[in-house]
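Reader: I have a model open on my screen and would like to learn how to read it. Could you walk me through some of its features?

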Amino acid sequence: MASTTAQPTLSFPRDTFAKLSPHPYLLAHLQPSSSASPSTRANGRSPTTFRAPHVNNGSLTHAEGSAVVRIGDTTVVCGIRGEILLASNVAGYRVDRSSTAPSSKPGYNETKELDLLVPNIELATGCSPAFMPGQPPSTLAQSLSTRVYSLLHSSGLVNGEDLKIWYQPPDLSDQDKMDVEDSESIEPEVKAFWTLYIDILFISLDGNPFDAAWAAVVSALRNVRLPKAYWDPDREMILCEDAVAVSKKLRLNGMPIAVTALVFRAKEQAPTGDNKYWVLVDPDAFEEGLCDESVTVVVDCTGGETKMLGISKAGGTVVGREQVKQMVGLAATRWAQLGPLLKG
Amino acid sequence: MTISAEPSATLSHLYRADGSATFSQNGYTVIGAVNGPIEVQRRDELPEEAAVDVIVRPAAGVGGTRERHLESILQSTIRQIILIHNFPRTLIQITLQITSTPENDSASSKLVQASSNLPILPTLLQTTVLTLLSASIPLAMTLASISFAINSTGSSRKIIRNPTLEEFQAANSVHVLAFTSNGQLLVAESEGSFTLEVWDEVYEIGKDFCCDVTEPAGDDIMQQDGLDGNTGGMAFVRSTLEHKVSADLHWKD
């Protein structure tokens, strides 16, 4: 294919070349004929350049928290709705902290056991030609939902205490001094939980869905204001205060961001080894179609040092220790860029 | 409830599939079957390579988003080890049925969407490799997989190899690695909070375990290594196959 383009009579315009033979097209960009020109990707970025992010918080009025994140041509809307789960509706829920209760076991995660965080990713919005509206969720959508779900829990981003609605029973022992046992201080009890429905809609998809989705989730969670909810003992139900002043934000543990890169190999079919390759960060849809191997690292640099919260790598053998180290370095620079925007 | 961390495997026990294997480790048991290369549906057909289809069925209920995620990890991994370019316009279909998972006292209420997707991943990967070997599908390499749980208390940290489910849940971070027989990292999945140094350490231990770094000169040494209690990942695959081959060729003696 490349030889035909050399003949002046049979030259293609750029986009025809890209459509006819995408792999040599990207390779020609990354491996320029003269060593003077730098290696750039077909989209004009260098292999380690990210796309510029744009974040807009709180644009959905009916959600408790929301964010619109745009990274290049990938645009994600994330809305978070809070619903109340009554503790009396939880089968086998126990308030006591005795040693036999399941909550006393190491590694018990109440937020997870009660499913208080429900992320869902919708790709069938017409965001890209690959996902038609009205179709059942594609494998990619389901896979992304699972990844967001497990990262939400494994990173411990949301503090479980913020989702509990407590009730302090009034101390009635003053009127009735007869019973000595009752006069002991009455423990406050959990009457209900907030369940956060995290809906992530892709408006347009041009590669790298996970990074954008996760950035939207983090930004929307930072934007959440839950109304003050309390247990009304007379009506025996949970009531919420209207006033915004008494509503409270979630206390999030740090601010993790995800950075994905793909590995583009010079030879499509050759066994790995002496093969030349490029690691392309923040890939677009064109590059995703040409690469098998992907790496995602999740980092949090809140405390000044780089803390890792996840690595996910599959599909190839190029990325080893050194490449992961480089990825973490790149992710730290991305954190400095994206972090202030997500705080917004 | 005793769970053996030692792996065990049975090969080619399903007669209607092209290849099959049962593999158990850490309380997880998975039956794998492979059919291929077979005819592919027109819309899934790939002109230059075989389509690889992985189906993961959970122990209870129908597959959900978690199974789709595991399938996509497995599919992209297996595409690397099968010589898919040798079978253009065909399908290689791998079905993995989880038959038992370790009992979990603290999370007994949730059967279908059970906790993390990582603990089962090494078992699924290992079953897949044994299944493919049983079907004699041409492979570029094999792989071995291992999981780690890391507990950090202050400055000291404890690395648990092949942790139980309780250890998995209580750990600061959990890691699943798979290495090819050439010693290259093929799959890496980590969750929880850790540092790059911890990951490097896990990488080294995993690599030592998965790829018997002390490459033996002759096969007889290999065999002895493979038969003792603490087998490496690759050595286990090898000794399992050697047992199978010697049992199959028993009539010759």
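This is a predicted model: local features need pLDDT of at least 70, side-chain atom pairs count only at pLDDT 80 or more; totals for chains, interfaces and linings use all residues.

Reader: Is A:R41 buried or exposed?

Author: Buried means under 20% relative accessible area. A:R41 has a relative accessible area of 0%, so A:R41 counts as buried.

Reader: How should I read a nonpolar core, and which residues touch the most other members of the largest one?

Author: In soluble globular proteins, nonpolar side chains tend to be buried together. Here the largest nonpolar core has 96 residues, and A:I200 and A:L221 touch the most other members. Helix α6 (residues 209-223) of chain A gives this core its largest share, ten residues. Domain 1 (39-49 + 257-342) and domain 2 (53-170 + 184-249) of chain A each supply at least three residues to this core.

Reader: What is A:I200 in contact with, leaving aside its neighbours within four places in sequence?

Author: Its partners are A:V76, A:V77, A:C78, A:N120, A:I121, A:E122, A:V148, A:A213 and A:V217. There is also a second, separate core of 42 residues, with B:I94, B:L96, B:L118 and B:I120 among them.

Reader: And how many residues of α6(A) are buried?

Author: An α-helix has 3.6 residues a turn, so residues three or four places apart point the same way. In α6(A), 13 of the 15 residues are buried, leaving the helix mostly covered. From first C-alpha to last, α6(A) reaches 21 Å, close to the 21 Å expected at 1.5 Å a residue.

Reader: Now a strand, please: which residues are on each side of β8(B)?

Author: In a regular strand the side chains alternate between the two faces of the sheet. On one side of β8(B) are B:S173, B:H175, B:L177 and B:F179, and on the other B:V174, B:V176, B:A178 and B:T180. Both faces are covered, and eight of the eight residues in this strand (residues 173-180) are buried.

Reader: Which strands are joined to β8(B)?

Author: Strand β6 (residues 143-153) of chain B runs antiparallel to β8(B), with eight bridges joining them; B:A149 stands opposite B:V174. Seven bridges join β8(B) to strand β9 (residues 185-194) of chain B, also antiparallel, and B:V176 stands opposite B:E189. β8(B) and β9(B) form a hairpin with four residues between them, and B:G183 in the turn has a positive phi of about 85°.

Notes. Residues are numbered from 1 along each chain as its sequence is written. Chains are lettered from A and ligands numbered from 1 in the order in which they are written. Side-chain values use heavy atoms; hydrogens and water are left out. A nonpolar core is a set of buried Ala, Val, Leu, Ile, Met, Phe, Trp, Tyr and Cys residues joined through side-chain atoms within 4.5 Å. Buried means under 20% relative accessible area, exposed over 50%, partly exposed in between (1.4 Å probe, protein chains only). Helices (H or I, at least four residues) and strands (E, at least two) are DSSP runs, numbered from the N terminus. Domain bounds come from an automatic or database domain assignment. Contact means heavy atoms within 4.5 Å. Two strands pair if DSSP finds at least two bridges between them. The expected span of a helix is 1.5 Å times one less than its number of residues.
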